[in-house]
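Work through the exercises below with the sequence and structure in view. Try each task before reading its solution.

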Number of protein chains: 2
Amino acid sequence: MDAVKIERFRRALKASGFEAAVAVSPENTWYLSEAVIDTQKELLERLAVVVWAPDRQPIYIVCTNEEVQARKESWIQEVRGYVEYQQSPMQLLADALREVGAASGKVGVEKWFLSVAYFEQLSRLLPDAEFVDARPLFNQVRAIKTADEIRRLESACAVTDRSIRKAFEAARPGMTEKQVGALLTTELITGGAQALVLQVLAAGVDSESTHQRAREYVLNRGDLMRTDCGGVFDGGYMTDMARTISVGAGSQRQRDLYQFMWDEHERLIDMVRPGTTCEDIYRSHVESFQRRGWDMLRPHIGHSLGIGPHEFPLVRPGERTTLQPGMCISIEPSHFEPGVGKYHLEDLVLVTEDGPSVLSRTADWSQLFVSGA
Amino acid sequence: MDAVKIERFRRALKASGFEAAVAVSPENTWYLSEAVIDTQKELLERLAVVVWAPDRQPIYIVCTNEEVQARKESWIQEVRGYVEYQQSPMQLLADALREVGAASGKVGVEKWFLSVAYFEQLSRLLPDAEFVDARPLFNQVRAIKTADEIRRLESACAVTDRSIRKAFEAARPGMTEKQVGALLTTELITGGAQALVLQVLAAGVDSESTHQRAREYVLNRGDLMRTDCGGVFDGGYMTDMARTISVGAGSQRQRDLYQFMWDEHERLIDMVRPGTTCEDIYRSHVESFQRRGWDMLRPHIGHSLGIGPHEFPLVRPGERTTLQPGMCISIEPSHFEPGVGKYHLEDLVLVTEDGPSVLSRTADWSQLFVSGA
């Protein structure tokens, strides 16, 4: 158990004013229980639930199919099982909330995850409870990573960076995007990824779609190729990194654009310091693109990362959250150049008292990497 | 576009009595739009939405990040984009529902997927609409597969069966579960899987957890080893198959238990015929286990499969749905034998007028397979 994390949640819960907080999303139940109930991601009805009232021990509710695993992996002592299709997890949740004296109080639930169908059941079972969104509570705690979490993220990033480099080093004209993607996947899995996060891999001049998967497209000499990919490691820590290279031969125009993007990326990373707001970084990037005559229409250019793919805070307009030590922020400028291709760079940056610390680089990407050159 | 599928939905929508139906889950928006918006699975707020009123053309709402891809891949002409964090997809949805005249009528929404937070927005925007659960509509249409879907599922199953066989043929005492898992993953990915479904891989006498992932456990000669795994293929078709083998040497006890499980599996598969109910199959299995003196406490022993991991109908008590030609049903008996290990078999069975047709076998698994023997 990551005692620092659990203690931080305990304190935040006490300060929240909730009679109880209820976690129902795969991320937050994992964060609190530390048991991985994988099927919860694929079967939304098979909820795992953590109920926690201030100054009490938490209660962990899972489908009986997952009870052996929950008892084996979680530090939470009180595990209760419901038989799928015969009992609703909402019945056990309502019972637990009654037990901890929260049946008529303010209860924090994950309104951005819980389905309408389950919420209708819960509201009928506890008509006197006031259900409010618990997202701010979870966001606030999860945004600051513990030393243990930072160590896990850094090691996951190292595997991801090495995997991308190896797959891209092997890329040659005549191979398909899918072949390069299979190399990348194999490296990630053998490196320890327990699951893949969405894998974008796209080359050539028509690879504009933000989340384009590898196709049967055959690589041409001089094609720009990018990936935006990651894995899930070590129970639940995610990586999300982007790299852009040229296949076989890089033109001067590609090198120049890459250099601009790299310098911009470095400039943004250098802003990832205590006291800067997310919006500051976003606005600075928009201005930089505008000076070059480019539109920047993306709704965000980065995000916190940990056990969810986009954690709070995001680097977006209107996000006035100030960066604090312990936050891990992904910075990801990108640009599509018609007739040339798409550039995308993404690294994970830890905010420290002394400034930014990049967690995600094992190889040198400071100049356009040309495979097979 | 799979015109048979779309036409079937059109007819069911007209018969539903809904002023409009709204798809918001990754499965159902994909089913209707045929564009893969991968991030919808990982970022629940980044909804893609299909709004469809009877006798009209559907409207497809996506985050602007995904608009290029949506326009490229979907057959739906009317694509609308919302800027993430600046506009809510619920605003565009409410506008579309008003446009098609459904602002004060009965609107089918996916209450088992839509989050409470989005639903609260939608209810405020359209206070006069009556929102009812659209799950029965989608279930009914999706349960019957078209010829095109059956072809895709069969080809995905073939890759999965060959991948398991190859990985298991290579398993030797001294290897770790993780090494066998990496082989399996590599085979699935190079065979065309665009993503993995939860991969259970477990050996030895203490591998009871239903969804145990591969560990550092070192295989012993004579260990029972099982996998329950699959991939996502061809846009969105899933596989889900289980196989059990012995590593290096199979004992007589293992062979006898395997034979019982195999015969039981075959017997259940033979029941997958038009007119049988799901509950009939479940009850028959419980009785068979009881005759052997075994408890059978699992909430289901199979499920329909297609673009979701557990589709309607499930093979469970109380499920009185009658099997019909075109349904694809996964049958999966399993049994944990203390001191020996866990047996699990799972195959996908197509219901035809003439009886069951197993879609998921390329290798012979009718006797306990012993790797390296």
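## Exercise 1: Chain A as a whole

Of the 373 residues of chain A, 50% count as buried. A residue is buried if 20 or more other C-beta atoms, placed from the backbone, lie within 10 Å of its own. The model is predicted: local features need pLDDT of at least 70, side-chain atom pairs count only at pLDDT 80 or more, and totals for chains, interfaces and linings use all residues. Residues are numbered from 1 along each chain as its sequence is written, while chains are lettered from A and ligands numbered from 1 in the order in which they are written.

**Task.** Describe the make-up and dimensions of chain A.

**Solution.** 
- Step 1. Take the elements. Chain A has 11 helices and 18 strands. These are DSSP runs, numbered from the N terminus: helices are H or I with at least four residues, strands E with at least two.
- Step 2. Take the spans. Along its principal axes, the C-alpha trace of chain A covers about 70 × 40 × 35 Å.
- Step 3. Look at contacts. Two residues are in contact if their C-beta atoms, placed from the backbone, lie within 7 Å. In chain A, among contacts between residues at least 6 apart in sequence, 69% join residues at least 24 apart.

## Exercise 2: A mixed sheet

**Task.** Trace the open sheet of six strands in chain A.

**Solution.** 
- Step 1. Read the order: β4-β3-β2-β1-β5-β6, with mixed pairing. Two strands pair if DSSP finds at least two bridges between them.
- Step 2. Find the edges. β4 (78-82) and β6 (130-133) of chain A each pair on one side only.
- Step 3. Follow one pair. β3 (residues 59-63) of chain A runs parallel to β4(A), joined by five bridges. Tyr60(A) has Val79(A) in β4(A) as its bridge partner.
- Step 4. α2(A) lies across β1 (20-23), β2 (49-52) and β3 of chain A, at about 55° to β2(A). Axes are lines fitted to C-alpha atoms, for helices over the stretch in contact, and angles run from 0 to 180 degrees between N-to-C directions.

## Exercise 3: Where the chains meet

**Task.** Describe the side of chain A that touches chain B.

**Solution.** 
- Step 1. Count. 45 residues of chain A are in contact with 45 residues of chain B.
- Step 2. Find the main contributor. α9(A) gives the largest share of the chain A side, five residues.
- Step 3. Sort by class. The chain A side holds 19 nonpolar, 15 polar and 11 charged residues. Ala, Val, Leu, Ile, Met, Phe, Trp, Tyr, Cys and Pro count as nonpolar, Asp, Glu, Lys and Arg as charged, and the others, Gly among them, as polar.

Note on methods
Buried ≥ 20, exposed ≤ 12 C-beta atoms within 10 Å, placed from the backbone.
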